Every structure is written in structure tokens, then in C-alpha cells.
Amino acid sequence: MLKSRYAFLTLPNYSLIAVTNALEVLRMANRVAGRDIYEWRVATLDGRPATASSGIELAPTVALDKAGKADIVFVCGGIDVREAVSPPLLAALRRLAERRVGLGALCTGGYALARAGLLDHCQATIHWENLPALREEFPRVQLNDAVFSIDRDRYTASGGTAPLDLMLNLVGLKHGPRIAQLVSEQFVHERVRTSEDRQYVPLRARVGSSHRGMIEVAQLMEENIEKPLSLEDIARSTGLSRRQIERLFRRHLDCVPKRYYLEMRLRRARELLLQTAMPIMDVTTSCGFKSPPHFSRCYRALFGHPPSAERRIRK
């Protein structure tokens, strides 16, 4: 089997954690496979190392046109990505697309692909801080809040540790789940996330920090998972009326408080199922459900399968 060759096109102020999480998966895949199944290059347009947001530069860095043939070129962004996207960069990305090179993006690098028109009609993701603005600016891009997204020859990861999971999934697709699992174990990575996993988007980012009452309501819900509070109890604790709370949730989250609270508890249950060996009965009570049948019905309605199937699916 031929080696896979990736290039990481680093933009000024790129996220170092995103890039190194991706690179290290490839390095470790070579090690556990016992041979070089991946090659990679760190690149910039001119070959001079870009400075990460942490002030660190990676070496060796080569010019993109000297990086050799690549199966996928990942655009690596970080802070101030708009200032980092230039006409020469957009032209270079479009030339790669014309040559049918796979294109990916780490952290905010998806902004560059979107600006170049290379994510139109594709499923894609980006760091949660950038989602609202990109949805407005690029309506033809099918943005989601997944940890990472793969759509044909477009590969986007949201940032932070998400590139680790994207790369582990790519390793699994190319070389089988055993190699991906061995890499994950070397990194003490408890669970390989899939494209079905969502980013955790803080409520304050979704509604704005000015809605302090609503944020307080959500915090109360999160602090009372095992024994859920009634909406009346929450209203008394926050000084808001029940009607005020319902109106806020409909306006800003397009759902009723009861539904938001239920999904919060179900997502906590999913974390416990995937990250612990707790019996399903214990997960049921820990997340505030009075009976396993009720828990199972709610779980299936949200995730498409019952709790009993969750651990089997991820093996």
C-alpha cells in the first residue's frame, strides 16, 4: 500500500495545538504500524515559517509548491484568520482543487476554504466561536457543529483536540480500526470521537453574555442532573417567572426549557456510557430518569439507538 502524503499549510497565528494533534497521529501511526505509512510536510506559501498564536515556529517549513505531491492539504488557521487570508492564498487553494487534491482545514482554516468557494454545498465544521459569522457570510456552506466533518474530499476539524479525532478516523478508514485504536491508546485517548459527536458550545456563546438570567437557568440545570428541578423551582431560584424562562428559550434556542434540560441529561448519559463502565441502570438514575424504559425511549429518540447499543456501536 502506498504511503499517504499530507501537507499542513500554516497561516499566521495558526493554532499550534490543532496542528500538533494532527501531526502526532501520523507519527504514531507509523510507529505502531512498524513502517512509514504516512509522510507529511509543514508548509507556507513562501517557505518561511509561520508564527503560531503561541509565538512558536515549526521547522522544517517548506514552500507549498516545493512540498511535493499531497493527498490532502490541510489549511491550518487560528486567531485573526481573516487577516491571514490573502488573494495569493485563495489562488493557491483553487489551483489545488483544480488538480483534485483533497482539501482540509484545522481550527479556523475552514474560513480560507470557504472564502475560496471550495466548501460550497459541502458539510463542514469550524471552531464554535466562528460558526455564527460563517453561517451568515457563506450560506452555501453546510456548516454544522460537529467535532469534525468529512464530505467527499473535504476534511474539516473544529479545533483544539478535534484534529486528533479527525486523523484517527482517517487512519481507521485507510488502515483499519486496529491501527487507529493502537494510536489512541498510546496517547491515553479514552475514546475516538466520530463525525456524529458535537462540539460543546457554551451557552454564553449561543445567546450572548448579556442574557445572564438564561445562563443562570442553564447552570442550575447542569448542577442538578441526578435530581432534575421543576421549572417552578428554577424560576424561584433565579428570580425569573416561568413565562420569562420559556420565552427566552424559545427566542434564543428555539426550544422549550423542558426539552433543553432533557437533552442535557441525555448527553450526560451518553458521556457516561462511552467513557465509563457504569451499568445502564446506574446511568439511568445518575441522569435523573425514573425507569430504564423511559430512559431508553428518550435516548433512542435523540440518538437513533437505545443505550444498550451505544457501547457496541463504538467498539
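**Briefing: helices, a strand and buried residues**

Thr238 has a relative accessibility of 15%, so Thr238 counts as buried (buried means under 20% relative accessible area, exposed over 50%, partly exposed in between, with a 1.4 Å probe and protein chains only). The model is predicted: local features need pLDDT of at least 70, side-chain atom pairs count only at pLDDT 80 or more, and totals for chains, interfaces and linings use all residues. Residues are numbered from 1 along each chain as its sequence is written, and side-chain values use heavy atoms, with hydrogens and water left out.

**Thr238 and its surroundings**

- Thr238 sits in helix H10, residues 231-238 (helices, H or I of at least four residues, and strands, E of at least two, are DSSP runs numbered from the N terminus).
- Leaving aside neighbours within four places in sequence, Thr238 is in contact with Glu216, Val217, Leu220 and Ile245 (contact means heavy atoms within 4.5 Å).

**Helices H9 and H12**

- H9 spans residues 212-223, and H12 spans residues 257-275.
- They pack at an angle of about 40°, with their axes 10 Å apart (axes are lines fitted to C-alpha atoms, for helices over the stretch in contact, and angles run from 0 to 180 degrees between N-to-C directions).
- H9 and H12 are therefore oblique to each other (angles under 35 degrees count as roughly parallel, over 145 as roughly antiparallel, 65 to 115 as roughly perpendicular and the rest as oblique).
- From H9, Ala218, Leu220, Met221 and Glu222 take part in the contact. From H12, they meet Pro257, Tyr260, Tyr261, Met264 and Arg268.
- By class, this contact of H9 with H12 has 7 nonpolar, no polar and 2 charged residues (Ala, Val, Leu, Ile, Met, Phe, Trp, Tyr, Cys and Pro count as nonpolar, Asp, Glu, Lys and Arg as charged, and the others, Gly among them, as polar).

**Helix H7**

- In H7, residues 177-186, the buried residues are Ile179, Ala180, Val183 and Ser184.
- These residues cover an arc of only 140° around the axis, which puts them on the same side of H7 (the arc is that of the directions from the helix axis to the C-beta atoms).
- The exposed residues Pro177 and Arg178 are on the face turned away from the buried side of H7.
- Helix H1 (16-33) and helix H6 (162-175) are included in what covers the buried residues of H7.

**Ala7 in strand E1**

- Ala7 lies in E1, which runs over residues 4-10.
- Its relative accessibility is 3%, so Ala7 counts as buried.
- Not counting residues up to four places away in sequence, Ala7 touches Arg41, Ala70, Ile72, Val73 and Phe74.
- Ala7 and Asp282 are 275 residues apart along the chain, and their C-alpha atoms are separated by 46 Å.
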